[in-house]
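Hi everyone, thanks for coming.

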Amino acid sequence: MSFRAYFARITVSSDEILKDWRWLVGPSLEVWRVTTWGDAMLRDRDGSIHLLDLSEGVLLRIADSETELERALERVELQDEWLRGSLVDRQARLGMIPGVDECLAYRVPPIFGAGFGPENVEVRPIVPHFAFTGQVMQQVKALPPGARISKQTVDGKDPGTLAPKRPWWRFW
């Protein structure tokens, strides 16, 4: 499979996507591609490409140019590492195929101890996904080393007790 299948189809602006990640990526990086798995490939003014890994909250320079990146992505192991190709394929077999401006994302971030399995993955709109993870990672990165998170809440509720939101078209 071509690595291009692991990129999301987006119509939203780079500013919308990166608004809550500027604390990490700075002002010079712009979205080049969003991966189907919900990470981003960012291009710097010098043409270099960086991977914004939302699960880990890290930014990695991975290529000096788009051409260099595309050559590297011909290797399946880099498709898995940078684009999460095998995970995207697994979710597609389960019927999870994101549409335009959507990506795959963890329901509960693994940084909170949630699992990496398919039951913790959902299709999510790209902008809210980047906003939520950017805010969470900024707060987590601000904690002192070794700090323990004893309780997480989403709108005042334990994330483990939240029922998945039903699609608007499902009435039962």
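How much space lies in the second largest pocket? About 220 Å³, and please keep in mind that this is a predicted model. In total, 16 residues line this pocket, and those closest to its centre are Ala-5, Thr-36, Val-88, Ile-97 and Pro-98. Helix H5, residues 85-93, gives the largest share of the lining, with three residues. Sorted by class, the lining has ten nonpolar residues, two polar ones and four charged ones.

Now to the charged pairs. The structure holds ten salt bridges. One of them joins Asp-39 and Arg-84, with 3.8 Å between the closest N and O atoms. This pair links distant parts of the chain, 45 residues apart: Asp-39 sits in the loop between strands E1 and E2, and Arg-84 in the loop between helices H4 and H5. Are these two buried or exposed? Both Asp-39 and Arg-84 are buried.

Next, Asp-64 and Arg-61 form a salt bridge whose closest N and O atoms are 2.8 Å apart. Asp-64 has a relative accessible area of 44%, so we call it partly exposed. Arg-61, at 48%, is also partly exposed.

Then there is the salt bridge between Glu-122 and Arg-124, at 2.7 Å from N to O. Here Glu-122 counts as partly exposed, because its relative accessibility is 24%. Arg-124 has a relative accessible area of 11%, so it is buried, as the cut-off for buried is under 20%.

Finally, which residues does a network of salt bridges link? They are Asp-15, Arg-22 and Glu-30.

Definitions and conventions. Residues numbered from 1 in each chain as written. Predicted model: local features only at pLDDT ≥ 70, side-chain atom pairs only at ≥ 80, totals over all residues. Heavy atoms only, no water. 1 Å grid on protein atoms, 1.4 Å probe; cavity = no way out; pocket = protein on both sides within 12 Å on 5 of 7 lines; lining within 4 Å. Points joined across faces, edges and corners; volume = space filled by probe spheres on them. Helix = DSSP H or I, 4+ residues; strand = E, 2+ residues; numbered from the N terminus. Nonpolar A, V, L, I, M, F, W, Y, C, P; charged D, E, K, R; others polar. Salt bridge = Lys/Arg side-chain N within 4 Å of Asp/Glu carboxyl O. Buried < 20%, exposed > 50% of the residue type's maximum accessible area, 1.4 Å probe, protein only.
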